[in-house]
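Biologist: I am new to this structure. Please take one part, look at it closely, and follow where it leads.

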Amino acid sequence: MPTLCPICQKGTLRSSKYSQNVYCSEIEYDVLPGADYPQSVGCDFDFDFGRSKSEFGVELTTADVKTLIGGGEIALPDGDTLIFDPAKRLMRKSN
Ligand SMILES: [Zn+2]
């Protein structure tokens, strides 16, 4: 079952083949009048879960990423737990 985007509640989440990025199907970029470069005009949810390696020393599995997106927790080797805040685009320890 597709996972609904936690930000727009409209798009579904897709994962990149080349990285651990998870992004919304509603993402659209367009060059608006007067702008020099493309800007996000739809939903802009795009998050790299691969940064867990450098930030927390853990490599997340696809199942881990799903758990985090669903609001669940992942146990870290140091005994803490990892959570994800989609609104802030942030993974952090829960305590
Ligand atoms: Zn979205």
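Modeller: Gln9 lies in the segment before strand E1 (13-15). Strands here are DSSP runs of E with at least two residues, and helices are runs of H or I with at least four; both are numbered from the N terminus. Residues are counted from 1 along each chain as its sequence is written. This is a predicted model, where local features need pLDDT of at least 70, side-chain atom pairs count only at pLDDT 80 or more, and totals for chains, interfaces and linings use all residues.

Gln9 is exposed, because 8 other C-beta atoms lie within 10 Å. Gln9 is not a glycine, yet its phi is positive, at about 55°. Most residues other than glycine have a negative phi.

Next comes the sheet. Three strands form an open sheet in the order E1-E2-E5, with antiparallel pairing. Strands pair if DSSP finds at least two bridges between them. E1 and strand E5 (46-48) are the edge strands, each pairing on one side only. Neighbouring strands of this sheet are turned by 20° against each other on average, direction ignored. That angle is taken between lines fitted to C-alpha atoms, for helices over the stretch in contact, on a scale from 0 to 180 degrees between N-to-C directions.

Now look at E1 and E2. Their antiparallel pairing runs over three bridges. Ser15 stands opposite Val22 in E2. Setting aside neighbours within four places in sequence, Val22 is in contact with Leu13, Ser15, Phe47, Phe49, Val65 and Ile69. Contact means that C-beta atoms, placed from the backbone, lie within 7 Å.

Val22 leads on to the largest nonpolar core. This core has 12 residues, among them Val22, Cys24, Phe47, Val65 and Leu82. A nonpolar core is a set of buried Ala, Val, Leu, Ile, Met, Phe, Trp, Tyr and Cys residues joined through C-beta atoms within 7 Å. Strand E2 (21-24), H2 and strand E7 (81-85) each give it two or more residues.

Leu82 is also a contact of Glu73, along with Thr81, Ile83 and Ser94, leaving aside neighbours within four places in sequence. Glu73 sits in the loop between helix H2 (62-69) and strand E6 (74-75). Glu73 counts as partly exposed because it has 14 C-beta neighbours inside 10 Å.

Terms used
Buried ≥ 20, exposed ≤ 12 C-beta atoms within 10 Å, placed from the backbone. Contact = placed C-beta atoms within 7 Å.
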